[in-house]
Amino acid sequence: MKLNAIIVEDEQTSRDILKNYLNKYCSNVSILGEAANVDEALVLIRKHDLDLVFLDVEMPYGNAFDLLDKVGDINFETVFVTAYNHYAIDALNAHASYYLMKPISIDELIKAVDYVTKIKTKENALQNQVLVPNTNGVNGKLTIPQLDGFEVLNTSEILFCKADDNYTEIYLLNNKKKVVSKTLKYFEQALNNFSFARVHKSYLVNVNEVVKYLKGKGGSVVLSNGKEIMVSASKKADLLSYFK
């Protein structure tokens, strides 16, 4: 399958070497852009629907981990490319798919791309099985697959959704939890026509189940089951707009 990718690396020579290797040995990778720093990378990530980001660790005005923090919802795979092996644990904690040392080994690069290709192939195979917002006229329904078929959820039964890397945990009013292989951003879009507010990079809440708002820089909301969820400062205005 084709992988849409970008290269984030502050050194032009290193970008050229990686791009040449990819063009020659990894024909399924399509490079959509290059960035020399965190700000340029953010622009590309927000512009393109990416499968893969080749990411140098040390850059001017911020490093790879600063970039990933700013992205928030990460729906692409990351291959770290660095001359420093002491970042390996941090990369693992950032859920990197692969860790390449400079100078880049062509064999290792091919392994990294093959590994990401397998991940994305599996994801695409599940694309229509995981979560399908209903479009056939049945309002307020989402379907979640099971081994013997699928389960239909009423959106009104969803209390809140919580991000867990590339998965989302759906918490229901009956105290049950569903885990789905989709990002929280996907659910935010799927539930866009219903009363759900993104209050934090990790939380999407059913506004109808909010029973209290507690003041603060961002503040927090208390849901009908007593769960308190912090509200990020950047999401505060969107949440409060439901209560004007």
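Helix H1, covering residues 12–25, has 14 residues and reaches 20 Å from its first C-alpha to its last, close to the 20 Å expected at 1.5 Å a residue. The buried residues of H1 are Ser-14, Arg-15, Leu-18 and Leu-22; seen down the axis of H1, these buried residues fall within an arc of 100°, so they line one face of the helix. Thr-13, Asn-23 and Lys-24, on the other side of H1, are exposed. The coordinates described here and below are those of a predicted model.

For the protein as a whole, seven helices and 16 strands are found, and 41% of the 244 residues count as buried. Among contacts between residues at least 6 apart in sequence, 49% join residues at least 24 apart. The accessible surface of the protein comes to about 13300 Å², and carbon and sulfur atoms account for 48% of this surface.

Two backbone features lie in loops. The peptide bond from Lys-102 to Pro-103 is cis, with omega near -5°, and Pro-103 is placed in the loop between strand E5 (98–101) and helix H5 (106–130). Lys-102 is also linked with Glu-9 and Asp-56 in a network of salt bridges. Asn-175, although it is not a glycine, has a positive phi of about 70°; this residue is found in the loop between strand E10 (167–172) and strand E11 (177–180), where Asn-175 counts as exposed at 67% relative accessibility.

A nonpolar patch on the surface is formed by Leu-240, Tyr-242 and Phe-243, which together have about 270 Å² of accessible area. Tyr-242 lies in the segment after helix H7 (236–240) and is partly exposed, with a relative accessible area of 38%. Tyr-242 is touched by Phe-194, which also touches Gly-140 and Thr-155, not counting residues up to four places away in sequence. Phe-194 itself is located in the loop between helix H6 (184–190) and strand E12 (196–200) and counts as partly exposed at 29% relative accessibility. Phe-194 and Val-207, which are 13 residues apart in sequence, are 9.2 Å apart in space, C-alpha to C-alpha.

Side chains of opposite charge can pair when their charged atoms come close, and a search of the whole structure finds eight salt bridges. One of them joins the side chains of Lys-111 and Glu-108, with an N to O distance of 3.4 Å; being three residues apart in helix H5, Lys-111 and Glu-108 are separated by about one helical turn. Lys-111 counts as partly exposed at 47% relative accessibility, and Glu-108 likewise counts as partly exposed, at 29%.

The side chains of Lys-178 and Glu-151 meet in a salt bridge with an N to O distance of 2.8 Å. This pair links distant parts of the chain, since Lys-178 is in strand E11 and Glu-151 is in strand E8 (residues 149–154), 27 residues apart. Lys-178 counts as buried at 17% relative accessibility, whereas Glu-151, at 22%, counts as partly exposed.

A further salt bridge is formed by the side chains of Glu-188 and Arg-198, at 2.7 Å from N to O. Glu-188 lies in helix H6 and Arg-198 in strand E12, so the pair ties together parts that are 10 residues apart in sequence. Glu-188 is partly exposed, with a relative accessible area of 30%, while Arg-198 is buried, with a relative accessible area of 9%.

How values were computed
Residues are numbered from 1 along each chain as its sequence is written. This is a predicted model: local features need pLDDT of at least 70, side-chain atom pairs count only at pLDDT 80 or more; totals for chains, interfaces and linings use all residues. Side-chain values use heavy atoms; hydrogens and water are left out. Helices (H or I, at least four residues) and strands (E, at least two) are DSSP runs, numbered from the N terminus. Buried means under 20% relative accessible area, exposed over 50%, partly exposed in between (1.4 Å probe, protein chains only). Contact means heavy atoms within 4.5 Å. Accessible areas come from the Shrake-Rupley method with a 1.4 Å probe; for residues, only the protein chains shown count as cover. Patches are made of residues with over 30% relative accessible area and no salt bridge: like charges are joined within 9 Å, nonpolar side chains (Val, Leu, Ile, Met, Phe, Trp, Tyr) within 5 Å. A salt bridge is a side-chain nitrogen of Lys or Arg within 4 Å of a carboxyl oxygen of Asp or Glu. The expected span of a helix is 1.5 Å times one less than its number of residues. The arc is that of the directions from the helix axis to the C-beta atoms.
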